Amino acid sequence: MTVEYEDNHVIIVSKCSGEIVQGDKTGDTPLAETVKAYLKEAYAKPGNVFLGVVHRLDRPVWGLVVFAKTSKALSRLNKMFCDGDIHKTYWAITRNAPDHQEGELTHWLVRNEKQNKSYAYDHEVPRSKHAVLRYRIIGHSDNYYLWEIQLLTGRHHQIRCQLANVGCPIKGDLKYGAKRSNPDGSISLLSRRVEFVHPVSHIPVSVTAPLPDDKLWQALYPIDH
């Protein structure tokens, strides 16, 4: 975990693949507790430290996670996420190329709780949720393609599921059809940038995550970014 942005109300950290944002059945220490420990030590806070979890990031994914340090910021950030006022940009690496260099993907996703997996349909079906993302290819090598993705909706495993549905599973994502895993157990998906108007100060905030320490990310890194 690395702190990328912090003020009195908000803290944004960059997580590594393998870290969980909130506690689960594994019993592993969640990122939220790591951030609390950091705040407690950094500011010599007695007693419990308030930290609000605003959103999640899948365990094998890298990149930015936003937390609230005050209840005022938490309620406002929650509303901003619901209203689409927090803009998140993701980068993903796939072996296959899409049919078009840029475009929009629209599906209806159904979440299977037991499998912890979502399934995409081209039309509305029972229990499905509308899912939309925009993408463009911003880099490539002989074997891989680097996608820049803007989420227009926030669904369970949305990017992973939608890219797999168009024949482009994310590198290392065995759950959604990648042929082999990444050596470190990650998938090649990065929460790259988050942008919003600060819920208290109303100042624009834009934070960019560092690239994972991986030669492939470096090789595909586009010059104009």
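Student: Where does Asn116 sit?
Tutor: Asn116 is in the loop between strand 6 (102-112) and strand 7 (117-121). Helices (H or I, at least four residues) and strands (E, at least two) are DSSP runs, numbered from the N terminus. This is a predicted model, in which local features need pLDDT of at least 70 and side-chain atom pairs count only at pLDDT 80 or more, while totals for chains, interfaces and linings use all residues. Residues are numbered from 1 along each chain as its sequence is written, and side-chain values use heavy atoms, with hydrogens and water left out.

Student: What's the phi of Asn116?
Tutor: Positive, about 50 degrees, although Asn116 is not a glycine. Most residues other than glycine have a negative phi.

Student: How many residues of helix 3 are buried?
Tutor: Six of its eight, so helix 3 is mostly covered. The buried ones are Gln158, Ile159, Arg160, Cys161, Gln162 and Leu163.

Student: What covers them?
Tutor: The cover includes strand 5 (87-94), strand 6, strand 7, strand 8 (129-140), strand 9 and strand 10 (189-197). Contact here means heavy atoms within 4.5 Å. After helix 3 comes Gly167, with a positive phi near 80 degrees.

Student: Switching to helix 2, which residues are buried there?
Tutor: Ala73, Leu74, Leu77 and Met80 are buried in helix 2. Looking down the axis of helix 2, these buried residues fall within an arc of 130 degrees, so they line one face of the helix. The arc is that of the directions from the helix axis to the C-beta atoms.

Student: What's on the other side of helix 2?
Tutor: Ser71, Lys79 and Cys82 are exposed there. The buried residues of helix 2 have cover that includes strand 2, strand 3, strand 4 and strand 10.

Student: Which residues does Ile86 touch?
Tutor: Not counting residues up to four places away in sequence, Ile86 touches Leu77, Met80, Phe81, Val194, Glu195 and Phe196. Ile86 lies in the loop between helix 2 (71-83) and strand 5, and at 9% relative accessibility Ile86 counts as buried.

Student: How far apart are Ile86 and His198?
Tutor: They are 112 residues apart in sequence and 9.7 Å apart in space, C-alpha to C-alpha.

Student: What about helix 1, which residues are buried?
Tutor: Leu31, Ala32, Val35 and Leu39 are buried in helix 1. Down the axis of helix 1, its buried residues fall within an arc of 105 degrees, so they line one face of the helix. They pack against strand 1 (2-6), strand 2 (10-15), strand 3 (52-53) and strand 4 (62-68).

Student: What follows helix 1?
Tutor: Ala44, whose phi is positive, near 50 degrees.

Notes: Buried means under 20% relative accessible area, exposed over 50%, partly exposed in between (1.4 Å probe, protein chains only).
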